Structures are given as structure tokens and as C-alpha cells.
Amino acid sequence: MADTELMQIPGHIDPLPVPREVTPREDGRIDLIGLPRTRIAELFEQAGLDTKQAKLRSRQVFHWLYHRGITQFEAMTDIAKTMRPWLEERFVVGRPDVVEAQHSTDGTRKWLLRTADGHDFEMVFIPDADRGTLCVSSQVGCTLNCRFCHTGTMRLVRNLTAGEIVAQVMLARDALGEWPKGRMDGLETDESENRYSSDGRLLTNIVMMGMGEPLYNFDNVRDALKLVMDGHGLALSRRRITLSTSGIVPLMIRAGEEIGVNLAVSLHAVTKEVRDEIVPINKKYGIEELLEACAAYPRASNSRRITFEYVMLKDMNDSDDDARELVRLLRKYKLPAKVNLIPFNPWPGAPYECSEPERIRRFSEIIFESGISAPVRTPRGRDIDAACGQLKTAAEKKSRAELERLWAEKQAALD
Ligand code: SAH
Ligand code: SF4
């Protein structure tokens, strides 16, 4: 990745390696996915429609895109036949290309996806008895380098656009056959006649826990999730969406105010020494500062608790004292909290091992005894490298020496 050099971005937030720009489509057409309806109307107007027409057409097109999952203008049957080629010439309804689709023995599915300009990233679907969760990526690679995470061994290639983020959800609906199957003859179709009902669908929840740090791609993640939550868009409740961050403190309050979804925080350690090593962004935003930001997170409450993710690493962060300290910290900041204990998922060359089952059980027990819920997450999709922290595109596989160089580079960006 010779063109992803380490540079300081000017401004108040952070030093970040400068990601690549999105390469525009060769045919010059504009992808409508990811744009708010008002922006689509503006584009239609710029392309020559009068204001009233532009508004009407944007409303119709938006409905076809997000309620019907239609990708061809030709199928938009309430739009005049002559108008459809006009749209086709100027616009496109994007989906990332599917390079590979894998199925785990436990039902988990993983897709290797490719952007229109040729970058690979992954998306995972995890079906459970009472819900189906889609794990969505926000970046190709990651600027951060949590020691236990496979994605952290990649450079940040580029941020995904809002369109590429929301299109993951749409692609999952395509793959799961979850668009309404009703008559395709216009907006007047009564949706209650077909299978389009929230309880009939497999995809019920979204977690921003795929590749990347969502808060380092703030605007695109926000815009994408707005379309996911929009009643005229994909219409998923904000209560069913969770954003996971490694703890980018200055952006957490903004996330609460501007996005308002559930928050998950990758805590993983309770002392500065250990967290500095395994989640190096801790050197910049320490534990106390992070927990203060959690306490100030808008709308957090007992019915909307913050999830603290804690990866179980043998002899690193898994002692009884660690568990007690975790309880003390969560109490000190009066956090409406639940703890998710994640058994470490191994990957080739990883410098850690997973804690023993008995150790994890005891750790969980200590937290439960204090009245805080601390379930142990069952790893899903390990056989296809789809579990937490195993995502990493094959094109990025590196030698040991290359890995070491990359660690040093990413560490230097934080110092
Ligand atoms: N960048 C965000 C979201 C993506 S990672 C974040 O760090 O929160 C999703 C979760 O998987 C995080 O809690 C992350 O710490 C955890 N994780 C990463 N690597 C893992 C591994 N090898 N085993 C178990 N969990 C891991
Ligand atoms: Fe990036 Fe999250 Fe992995 Fe850390 S755990 S390297 S923030 S994807």
C-alpha cells in the first residue's frame, strides 16, 4: 500500500494515516445508495428535472431502493417508461460485488465483498434462535492496532462510503430474500399482503463490529445508519443497532447525539499497563477518561445499557483481581452496564491464547455476583474465520517481518 502513508491530519481530532480517496466510477454515473432523499432530489434537479418533478421522482425512487430492494431503474414501474433510460444513463443503484460467500457449520455466513474501485472487505451474518445479527464493516482495514485483532494487522486502506455501509445491509436482505415479494406494479401495493413484516424477517439487528473503527469514519457511518433507521429507508429501530468503538473519546458524545444507537465499548483491560499494550489507543484516551465519556453518553439508561466488551486473554487480563477491578470501575462511574465476555478467537501469528473455560466461568461469576450481567459469548463462525477479530481480507496477508514493521508504524502514529 505505497500510497497509504503515515501523515498527520490537521485539526483537533487525531493523527491518522491518510486513507485513500474513493476512485470515481469510470462511467461517471452517480450511485444513489447512501444519499439522503433530499440529495437525490437535488441531483435530479441538476440533471434537468423541474423542482416538483425532482421531488416526486426522488420519493418514488427512494421507495424502490429501500423498501423494495430494486437495483434496476427498468423495474420501477410507476416511473414513466421514457424516464427510466434517462435515469439509467446518469445514475446507478450500487451493491458491493460479492467475491466469495461462505457458510459456517453453525449457520453463520460470511461474505467477502469488493468496492467498485477494487477494495475487499467483509460482512458477517449470525443467526440465533430469536434474532439475526448482521456485523457490518466501516473501513477497509483499520488505523488502530489492537494486539489481539486480525483486522489490526492491516493498514487502513480506505473509509467505506455511506453507500457502501448501507449497501451491506441491503445485500444481506438480497441474500436472505427479505425484500417484499409483492406485485411490482407500483407504490399502491399493499405491503401487508406480502411477507414484508418485521417479525417475519431473519435480519433483525445490526452491529457496527466488522472491519474498522466506526468513529474514525464518523460522517459516513452516521449517514448510513440514518438511512438504516429512516422510516422511509430501511426502517430498523435504533434499539436494534449497536455501534462498537475501541474508545475514541472525543467522538463518543457526538455519536450519542447525532446517531443515537446503542453503544458498545471495547474495554478489554482494567489497568493502564495492560490496556496500553492490547488496545494502544489507550495511550491517547485512558480508561478513566473513557469511562467518563460512557457516563455522559446520551440516552444510556438501565433499559439501554452500555455493553463493555472484554476479550479473555490467558494470563493477560483474566484474573479474579481484574474482574473485581472491572466491577469497581463500573460502579465508580455509575454506569448502566453489561459486560460481554468474548473468548479470544485465534488467528495465524496472534501473540495471545484464549483463557481456559474454567477461568472465564469464574471471571463471569465474580461480575454476576456484583449484580452486573456478564454472559460469555459463544464464538460463532470460527471455522470460516468469521468470528470477532478474525476478519481480514486474504489480499492483505503479510509476513512476520511485515507485521512487525506495521506495528511499529501504527504505534508511532499514536505517540
Ligand atoms: N473497531 C471496533 C469494532 C470492531 S471489532 C472496536 O474495536 O470496538 C468488534 C469486537 O471484536 C471488538 O470488541 C474487538 O475488540 C473484538 N475483537 C477483536 N479481535 C478479537 C479476537 N481475536 N477475539 C475476540 N474478540 C476480538
Ligand atoms: Fe481496529 Fe477494532 Fe480491531 Fe482494534 S479491535 S484493530 S479498533 S477493528
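Predicted model: local features only at pLDDT ≥ 70, side-chain atom pairs only at ≥ 80, totals over all residues.

Biologist: Which residues of helix H1 are buried?

Modeller: Buried means under 20% relative accessible area, exposed over 50%, and partly exposed in between (1.4 Å probe, protein chains only). Helices (H or I, at least four residues) and strands (E, at least two) are DSSP runs, numbered from the N terminus. In H1, residues 37–46, the buried ones are Ile40, Ala41, Leu43 and Phe44. Viewed down the helix axis, they fall within an arc of 160° (taken from the directions from the axis to the C-beta atoms), so they line one face of H1. Thr38 and Gln46 are exposed, on the face turned away from that buried side.

Biologist: What do the buried residues of H1 pack against?

Modeller: Their partners are strand S1 (30–31), helix H2 (51–67), helix H3 (83–90) and strand S2 (91–92). Ser58 lies in helix H2, and it counts as buried because its relative accessibility is 0%. Contact means heavy atoms within 4.5 Å. Leaving aside neighbours within four places in sequence, Ser58 is in contact with Arg37, Ile40, Ala41 and Phe44.

Biologist: How should I read empty space?

Modeller: Rolling a probe the size of a water molecule over the atoms shows where empty space is left. On a 1 Å grid over the protein atoms alone, a cavity is a set of points where a 1.4 Å probe fits but cannot get out, and a pocket is an open set with protein on both sides within 12 Å along at least five of seven lines; lining residues have an atom within 4 Å of a point. Grid points are joined across faces, edges and corners, and a volume is the space filled by probe spheres set on the points. The structure holds 4 cavities of 30 Å³ or more. About 500 Å³ is the volume of the largest cavity. Its lining has 29 residues, and the closest to its centre are Phe148, Cys149, Met209, Ser266 and Gly389.

Biologist: And what volume does the largest pocket have?

Modeller: About 1,100 Å³. Among the 38 residues that line the largest pocket, Arg131, Thr133, Val207, Asn340 and Arg377 are the closest to its centre. Strand S13 gives the most to this lining, with 4 residues.

Biologist: Where does Ala235 sit, and what is its phi?

Modeller: Ala235 is in the loop between H5 and S10. Its phi is near 60°, a positive value in a residue other than glycine. At 42% relative accessibility, Ala235 counts as partly exposed. Asp315, in the loop between S12 and helix H9 (320–332), has a positive phi of about 60° although it is not a glycine. With 68% relative accessibility, Asp315 counts as exposed.

Terms used: Residues numbered from 1 in each chain as written. Chains lettered and ligands numbered in written order. Heavy atoms only, no water.
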